[in-house]
Structure formats: C-alpha cells, structure tokens
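Welcome! Here is a short briefing to read alongside the sequence and the 3D view.

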Amino acid sequence: MRVRTLAATAFLIAATLLAGCGFQLRGAYTLPYESLYLALPDYSELGAGLKRTIRASGATRLTDTPEDAEAIFQPTGEFREKVILSLSGSGRVREVRLRYRFNFRVVDIKGRNLVPPGEIEMTRDMSYDDSNVLSKDQEEVLLWRDMQNDMVQQMMRRLAAVKPQPANTFD
C-alpha cells in the first residue's frame, strides 16, 4: 500500500514538473500566410522537405508562381563545409566538423521584407578513420541528411514564430 502511494506521488510530481516547464509535443506548424511561394529549385531536397512539411500543416497554400502568393520564401545562400578539427600524431585526420548554413528571407510581391533576413547554422562533429573510409563516408551522408531534416524543422519553427512586418506603403 505504501509503495503504491509513493509511486502515485512520484508520478504526480513528475507530471507537475513536466507541465510546469512548458514542455509540449511538437505539433503542426501554422504559418502566418495564406499562400506562399518557395523560390527553391525543383531538385532541392531542402525544398522538397519544406513543401512536404507546409502541405502537412494544411493551413498555408503553396503556389506555383510568385504572383499568386502572399509571401515569397527566397534562399539567399546555402553553404556546406567540412572542417578538420584534429590530426593524429602521424598527421592523419581524426575528427571533422560538418557545417551547414542556410540564409533566407521572406518578401512580398514587390520585394519588401515581410520577415527580416535570417540564417540557420548547424554543425555536427564526427570522428574519422581512414582505415574505414566507406563506413565514414556513409556516416557523413547520414549526418548531412539529418542536418537537412533538422534545417527544415528549424525553418518551419522560425517562420511560424515570427510575426510578419507590415509592408511599408511609402516605397
């Protein structure tokens, strides 16, 4: 009986702490635009991920042309780099850092900023062993894909959280 009471009390305390910290499951994102044009190439994996996530949210319609959209998502730069972090005593690579940066902005049809230009940067560190080149190459591919998926989620969070700036009517 006493064990059951202790377990129930511990559960209630844990539930209260979890609710009090603001934790909530990640749900669908609601973008503040009725329609959006993604100015990303058709072959872009990042663009495909964004389109899939926006369509899943159901609140924002994707358009085929910028003229039909309330807002236009424009990439301003995408950079991927691999940096050597450390070398062994014999001069061989031991660790590398993968860095992925994406710059973007959201504008109206006249090119005025609706959202201030933003940048998202991600890094992943990985050990490297030149005796296992094939497995390390596969690991690198998986890390790039993971960063790309995280990039889509971070972009959606950023676009959903930001309040659009009113367009300046005196331009």
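Which residues line the largest pocket? They are Tyr37, Leu38, Leu40, Asp42, Lys51, Arg55, Leu62, Thr63 and Asp64. This is a predicted model, where local features need pLDDT of at least 70, side-chain atom pairs count only at pLDDT 80 or more, and totals for chains, interfaces and linings use all residues. Residues are numbered from 1 along each chain as its sequence is written, and side-chain values use heavy atoms, with hydrogens and water left out.

**The pocket**
- The largest pocket has a volume of about 160 Å³. (On a 1 Å grid over the protein atoms alone, a pocket is an open set of points where a 1.4 Å probe fits, with protein on both sides within 12 Å along at least five of seven lines; lining residues have an atom within 4 Å of a point. Points are joined across faces, edges and corners, and the volume is the space filled by probe spheres set on them.)
- Its lining has four nonpolar, one polar and four charged residues (Asp, Glu, Lys and Arg count as charged; Ala, Val, Leu, Ile, Met, Phe, Trp, Tyr, Cys and Pro as nonpolar; the others, Gly among them, as polar).
- Strand β1 and helix α2 each supply at least two of the lining residues (helices, H or I of at least four residues, and strands, E of at least two, are DSSP runs numbered from the N terminus).

**The sheet**
- Five strands make an open sheet with mixed pairing, in the order β2-β1-β3-β4-β5 (two strands pair if DSSP finds at least two bridges between them).
- At the edges are β2 (61–62) and β5 (113–127), each of which pairs on one side only.
- β1 (residues 35–38) and β2 run parallel and are joined by two bridges; Ser35 has Arg61 in β2 as its bridge partner.
- β3 and β4 are antiparallel over 14 bridges, with Phe79 opposite Arg101 in β4.
- Five residues separate β3 and β4 in their hairpin, and Gly91 in the turn has a positive phi of about 85°.
- β4 and β5 are antiparallel over 12 bridges, and Arg97 stands opposite Asp125 in β5.
- The hairpin of β4 and β5 also has five residues between the strands, and Gly111 there takes a positive phi near 90°.

**Salt bridges**
- The structure holds 10 salt bridges (a side-chain nitrogen of Lys or Arg within 4 Å of a carboxyl oxygen of Asp or Glu).
- One of them joins Arg99 and Glu81, whose closest N and O atoms are 2.9 Å apart. The pair links distant parts of the chain, with Arg99 in strand β4 and Glu81 in strand β3, 18 residues apart.
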